[in-house]
Amino acid sequence: MSQAVCILGVTGSIGQSTLKILQQHPEDYSVFAITAYSRIKELVQICKQFRPKVVVIPSAKELELLQLFSQENINDIEVLFDEAGLEAVACHPDVDVVMAAIVGAAGLLPTLAAVKAGKRVLLANKEALVMSGDLMMQAARQHQALLLPVDSEHNAIFQCLPEQYLNVERNGQPKLGVSRILLTASGGPFLHHSLDELRSVTPEQACKHPNWSMGQKISVDSATLMNKGLELIEACHLFAISEHFVTIVVHPQSIIHSMVQYVDGSTLAQMGNPDMCTPIAHALAWPKRINTHVPALDLFVNHQLDFQEPDATRFPALTLARQAIQAGGLVPAILNAANEIAVASFLQKQIGFTDIPVVVEHTLNRVENGSADSIDLILQADSTARSIAQQFVSSKGS
């Protein structure tokens, strides 16, 4: 029986890769709903090909979409708007699978809506779990949602853990013979840059990842290693493990996507070519395996694997993220909000590359921590942190 899929963020790189997988398996999956923020022309072309039942766009884009629909003679697709529309499709009764691929805090509420509706949620939006990890995991258990990681690293960890690990007691201790998680990082495009060289990095340089094709925000996060810091927080929530049991390992080739060590001395690694279609297909079909276009790893070509410790002096974002998960409460949400403002400011050339962690640390020092036991408190902390980070950015430019 075909499963109906909702793709939150269809025009991004994860959304596009998801469509590739669905296109390969038309008898097993259909596209029920798709959402987009600014790339309306691309959305219309996707509508022509996949004929979803519902699309969601910002209300400000309604006229543009309707004009394009008229030109393409599309008149059988329901159009919803803004946050309410996102949540509506995420929990729609006809939807079986939700790909949560909206970048940043904007993906939090629709992802939570999908979880509360008991969907199979393919989690590509790490910020949602960073901001509300305890709430999200609690909701998944309460509503029997299946929350499966799509980030290549977390998907790799998931593949290397015992299957029963989904239901372990959540007290931060490794279980079922697991001793440690090794979370790999490519090191980004500036792995060997000095501090002086990092100060002069441009947005164009930061967006050119050596191994992965990604959007601007996640590319910059990868360059600062904040992406790995956010993934550290995400891993702690997903796998119910304290941060001191997670080691970050720089692995420039991005062939080993992460590893799990066991008490008997074994280390299991998930390996593959760097293509997001692999973890998407795994999460979509789990516990089964389905075909993708991704070629199998050729060990005679990819014969060299290097590993090293990350440099916290040149990449302080890692330390800030580890401190945030240690502090708990609202601090991870504050960290994420400040980082989103800092990255956007860097992309707009308002601050330098090395100013990004400075903005984040400044904000962390000025927003008070508190309990993260309600979505309203989390969103309030998010808003406060954004305001303080923006003020700091503005003061640096004046």
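This is a predicted model: local features need pLDDT of at least 70, side-chain atom pairs count only at pLDDT 80 or more; totals for chains, interfaces and linings use all residues.
**Entry: surface patch**

Residues are numbered from 1 along each chain as its sequence is written, and side-chain values use heavy atoms, with hydrogens and water left out.

I then looked up where Phe-307 sits: in the loop between α12 (277-285) and α13 (317-327). Helices (H or I, at least four residues) and strands (E, at least two) are DSSP runs, numbered from the N terminus. Phe-307 has a relative accessible area of 42%, so I log Phe-307 as partly exposed. My cut-offs are under 20% relative accessible area for buried, over 50% for exposed, and partly exposed in between (1.4 Å probe, protein chains only).

How many of the residues of α12 are buried? I get 8 of 9, so α12 goes down as mostly covered. The buried ones are Cys-277, Pro-279, Ile-280, Ala-281, His-282, Ala-283, Leu-284 and Ala-285. They pack against α1, β2 (29-35), β5 (97-100), β6 (120-123), β7 and α7.

From there I went to Thr-18, which is in helix α1 (residues 13-24). Thr-18 counts as buried because its relative accessibility is 2%. Leaving aside neighbours within four places in sequence, I find Thr-18 in contact with Ile-7, Met-99 and Ile-280, where contact means heavy atoms within 4.5 Å. What does the side chain of Thr-18 reach at 2.8 Å? I find the backbone oxygen of Ile-14 there.

**Entry: aromatic rings**

I searched the whole structure and found 3 aromatic pairs. Rings of Phe, Tyr and Trp (its six-membered ring) pair if their centres lie within 6.5 Å; planes under 30 degrees apart are stacked, over 60 edge-to-face, and the rest tilted. Phe-190 and Phe-353 are edge-to-face, because their ring centres are 5.3 Å apart and their planes stand at 80°. This pair links distant parts of the chain, 163 residues apart: Phe-190 is in the loop between β8 (178-185) and α8 (195-199), Phe-353 in the loop between α14 (331-347) and α15 (355-364). I have both Phe-190 and Phe-353 down as buried.

Phe-346 and Phe-353 also make an edge-to-face pair, with centres 5.6 Å apart and planes at 65°. Phe-346 is buried as well. So what do the ring pairs make of Phe-190, Phe-346 and Phe-353? They link the three into a cluster.

**Entry: the end of α15**

Leu-364 lies in helix α15. Is Leu-364 buried or exposed? I log Leu-364 as buried, because its relative accessibility is 19%. Leaving aside neighbours within four places in sequence, Leu-364 is in contact with Leu-320, Val-331, Ile-334 and Leu-335. I also checked Pro-332, 32 residues away along the chain; its C-alpha atom is separated from that of Leu-364 by 9.3 Å.

**Entry: salt bridges**

Side chains of opposite charge can pair when their charged atoms come close. I count 13 salt bridges in the structure, each a side-chain nitrogen of Lys or Arg within 4 Å of a carboxyl oxygen of Asp or Glu.

Asp-151 bridges to Lys-126, with the closest N and O atoms 3.4 Å apart. Asp-151 is in the loop between β7 (146-149) and α7 (152-160), and Lys-126 is in helix α6 (residues 126-142), 25 residues apart. Asp-151 is buried at 7% relative accessibility, and Lys-126 is buried at 2%.

Asp-196 and Arg-199 meet in another bridge (2.4 Å, N to O). They are 3 residues apart in helix α8, so about one helical turn separates them. Asp-196 is exposed at 59%, while Arg-199 is partly exposed at 48%.

Last, Arg-386 bridges to Glu-340 at 2.9 Å between the closest N and O atoms. Arg-386 is in helix α16 (residues 375-397) and Glu-340 in helix α14, so this pair ties together parts 46 residues apart in sequence. Glu-340 is buried, with a relative accessible area of 16%. I also noted one network, in which salt bridges that share partners join Glu-127, Lys-217 and Asp-221.

Conventions. A polar contact is a pair of N or O atoms within 3.5 Å; within protein, one must be able to donate a hydrogen and the other to accept it, and residues adjacent in sequence count only if both atoms are side-chain atoms.
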